[in-house]
Amino acid sequence: GKKLKIKNYNFYFPSINYNYWKKNNSNIQQKKKLEITCVGNINKTKNHYQLINFLLKSKKKFNLNIIGKNLTTQKSYNKKLQLLIKNSNKSTPNKIKIHQNKKSKFIKKILNKTDLYILPSISEGLSISLVEAMSMERVCLVSKPSNHSKIIKNKKNGFEFNLNQNSFLKALNHSIAINNTTKNKIIKKARYTIKKIIDKNLNFEKKLKIGLL
């Protein structure tokens, strides 16, 4: 929409189960490390390598779960990423793990204990995993090049960052420093955002069925 200079446009995506993607409050507890989650196949575009380097520069202690499968077209990138992860796990208190071929039940379990969901992509279509994380009331950090400004409103229902270290660290530190009242407003707004999108989808589908579009 932006590149074509179209002012009025909407996002439509396969509807998620709004009642399924809901957090379980019983798992909330005090943690010594940040629990961070990324969902996306392992490739250059998803940009996990740069994200890990950003996180290591932050000096924060974290557990990072990357949920996605290796691609046969990205062997050299995957090897490079695996080496970075191996070195980080060996030399720092952080724990980074890639989980392959996981279903929604596993993803929901991970998201339920997640402090930050991060989408660091160089470019991106509409991310269903971001929609699921917002519905789960997770604090979401999204790269501006991923082009989700139609969904994420910076400091309102999530945080945006440019793909450079200073911008990322600023967004990361801000997201961690917010008090509980502000955090609750942001994550409630995130879930409400998804509800509005789902309602719009359903209305669109209804009009298609009755021939109004």
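User: Helices (H or I, at least four residues) and strands (E, at least two) are taken as DSSP runs, numbered from the N terminus. On that basis, where does N164 lie?

Analyst: In this predicted model, N164 lies in the loop between β6 and α5. Its relative accessible area is 35%, so N164 counts as partly exposed.

User: Which residues of helix α3 are buried?

Analyst: Helix α3, residues 104-112, has I107, I110, L111 and N112 as its buried residues.

User: N112 is a polar residue by class. Is N112 buried or exposed, and on what value?

Analyst: N112 is buried, because its relative accessible area is 9%, which falls under the 20% limit for that label. N112 and R138 are 26 residues apart along the chain, and their C-alpha atoms are separated by 8.1 Å.

User: Changing topic: how do α1 and α5 cross?

Analyst: The axes of helix α1 (residues 48-58) and helix α5 (residues 165-177) come within 10 Å of each other and cross at roughly 65°. The crossing is right-handed.

User: Which residues make the contact?

Analyst: On the α1 side, they are L51, F54, L55, K57 and S58, and on the α5 side Q165, F168, L169 and L172. Sorted by class, this contact has six nonpolar, two polar and one charged residues.

User: What about K59, where is its place?

Analyst: K59 sits in the loop between α1 and β2, the strand at 62-67. Its phi is positive, about 70°, although K59 is not a glycine. K59 is exposed, because its relative accessible area is 74%.

User: Which loop is K155 found in?

Analyst: K155 is in the loop between β5 (139-143) and β6 (159-161). K155 is another residue other than glycine with a positive phi, here near 70°. At 46% relative accessibility, K155 counts as partly exposed.

User: Staying with the loop between β5 and β6, is H148 buried or exposed?

Analyst: H148, which has its place in that loop between β5 and β6, is buried, because its relative accessibility is 1%.

User: What is H148 in contact with?

Analyst: Setting aside neighbours within four places in sequence, H148 is in contact with L119, E124, G125, L126, S127, L130, V142 and E160. H148 and G125 are 23 residues apart in sequence, with 8.7 Å between their C-alpha atoms.

User: And N147, is it buried, exposed or partly exposed?

Analyst: N147 is also found in the loop between β5 and β6. N147 is partly exposed, because its relative accessible area is 39%. Between the C-alpha atoms of N147 and E160, which are 13 residues apart along the chain, the separation is 9.9 Å.

User: Finally, cavities: how many of 30 Å³ or more does the structure hold?

Analyst: The structure holds one cavity of 30 Å³ or more. The largest cavity contains about 30 Å³ of space.

User: Which residues line the largest cavity?

Analyst: The lining consists of C38, V39, G40, K46, H48, I118, L119, P120 and S121. The elements giving two or more residues to that lining are β1 (34-39) and β4 (116-119). By class, the lining of the largest cavity has five nonpolar, three polar and one charged residues.

Terms used:
Residues are numbered from 1 along each chain as its sequence is written. This is a predicted model: local features need pLDDT of at least 70, side-chain atom pairs count only at pLDDT 80 or more; totals for chains, interfaces and linings use all residues. Side-chain values use heavy atoms; hydrogens and water are left out. On a 1 Å grid over the protein atoms alone, a cavity is a set of points where a 1.4 Å probe fits but cannot get out, and a pocket is an open set with protein on both sides within 12 Å along at least five of seven lines; lining residues have an atom within 4 Å of a point. Grid points are joined across faces, edges and corners, and a volume is the space filled by probe spheres set on the points. Axes are lines fitted to C-alpha atoms, for helices over the stretch in contact, and angles run from 0 to 180 degrees between N-to-C directions. A crossing is left-handed if the near helix is turned anticlockwise from the far one by less than a right angle, and right-handed if clockwise. Contact means heavy atoms within 4.5 Å. Buried means under 20% relative accessible area, exposed over 50%, partly exposed in between (1.4 Å probe, protein chains only).
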